[in-house]
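Opening the notebook on this one. I want to look at a helix, the cores and a bit of surface.

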Amino acid sequence: MSKVAILKTTPETVLEDYRRLCEIAGLKQALDPSAQTILKDNISWHLLYPSANTTPWQLEGTILGLQDQGFNDLVDVHNKTVVTIADLGDKYNKFGPVLEKYNIPKKYNFKPEDMSWIKYTPKTEMAVLNKIFPEGIFLPDFFFGKNIVHLPTVKTHSYTTTTGAMKNAFGGLLNINRHYAHTWIHDTLVDLLALQKEIHTGLFATMDGTTSGSGPGPRTLIPHQKNVILASSDMVAIDAVAAKIMGFDPMKMRYIAHATERKLGQGNPREIEIVGDVEAAEENWNFEVGVNLGTGAGMLLWRSPLKIFQKLLFHTPLVKLFIFASEYYHDHYWYPVKGKKVVNQWINESPWGQLFDSYPE
């Protein structure tokens with residue numbers, strides 16, 4: 001039976017709680033002690049915004065949890081998207097000082113000096129990736145033969161209802177043209193999980209729900225203080241448990257249901273063993289999914305009859321117009337007008353915001 005660990009936590013105990021979380025979730029059994037371990041952080045927005053990105057205590061606590069179990073050969077990997085800037089995300093979310101404290105190097109999956117993209121033939125049948133990328137599936141060579149630990153947060157997503165451990169592979173394993181896959185995003189995530197099971201020596205995830213996000217994610221969220229953290233070696237199960245406590249039926253979400261059907265993990269909550277603070281897994285936060293101007297436009301172009309124009313709009317230089325529009329809306333309109341107020345309130349009034357403020361820049 002798949003197992004998910006969940007704990008209630010506080011800013012004063014969170015690092016020790018992450019260490020315990022990793023232990024009771026079976027980290028040692030999930031990973032290969034002879035292999036290097038990739039820390040795959042989650043930067044949904046390069047700007048600081050509560051609930052959108054990996055937290056510094058999540059990163060630090062997971063590092064401590066790994067070291068407790070004898071995993072000391074660690075490397076952090078940043079990825080690039082058309083709408084986020086990795087180095088800014090590292091800076092504004094205070095990853096750099098944490099990595100420096102534990103002497104953990106950083107690599108970038110978009111820098112040729114760090115890794116190359118090689119053509120890979122899957123051993124299992126792909127649902128959609130071969131159709132989306134008919135020229136071949138290319139994966140970063142650095143990822144092969146290594147453990148990977150995903151570091152998502154508990155939040156909703158306009159395109160996939162929720163986003164977590166399975167979605168976190170979207171940035172690491174697909175190149176800059178990953179937006180080609182948005183129309184088929186659910187099946188893409190399932191294909192990516194199948195690929196991970198082929199190329200990695202072990203998979204594990206910690207998920208931070210200290211401040212969780214509802215609404216038009218993964219960026220313009222409504223943050224809620226929830227004080228929970230989760231971990232599992234089953235990427236489907238941890239996403240399912242997170243979805244359930246957010247108020248959704250995980251088996252009605254295609255990426256979770258399809259992954260369960262393909263036996264890549266367990267998405268049925270009745271078949272998942274909960275360890276730790278068991279009562280926390282029974283909470284229902286009644287989160288809702290929403291859209292903003294940017295995600296609403298994306299839904300039209302990827303899911304409506306307008307999708308017939310995808311190749312014209314997204315496979316040609318015209319895509320730069322959409323990238324500019326998204327950047328302008330999110331970074332230069334929404335964040336200064338609305339987001340900054342949320343951030344300031346979080347730092348001034350939330351104990352988690354105050355913990356964030358205490359981390360060195």
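What do the buried residues of H10 pack against? I looked it up: strand S9 (161-163) and the helices H7 (165-173), H8 (185-199) and H9 (235-246). Helices (H or I, at least four residues) and strands (E, at least two) are DSSP runs, numbered from the N terminus.

Ground rules for myself: this is a predicted model, where local features need pLDDT of at least 70, side-chain atom pairs count only at pLDDT 80 or more, and totals for chains, interfaces and linings use all residues. Residues are numbered from 1 along each chain as its sequence is written, and side-chain values use heavy atoms, with hydrogens and water left out.

H10 itself covers residues 254-261, and six of its eight residues are buried. I listed them as Tyr255, Ile256, Ala257, His258, Ala259 and Thr260. Buried is under 20% relative accessible area, exposed over 50%, partly exposed in between (1.4 Å probe, protein chains only). After H10 I found Lys263 with a positive phi, near 60°.

Next, the cores (buried Ala, Val, Leu, Ile, Met, Phe, Trp, Tyr and Cys joined through side-chain atoms within 4.5 Å). The largest has 60 residues, and Leu230 is among those with the most contacts inside it. H9 gives the most to this core, 10 residues. I checked Leu230 beyond four places in sequence: its contacts (heavy atoms within 4.5 Å) include Val4, Leu21, Met207 and Ile238. A second, separate core has 46 residues, including Leu27 and Val149.

Last, Tyr328 sits in helix H13 (residues 319-349). I logged Tyr328 as partly exposed because its relative accessibility is 47%.
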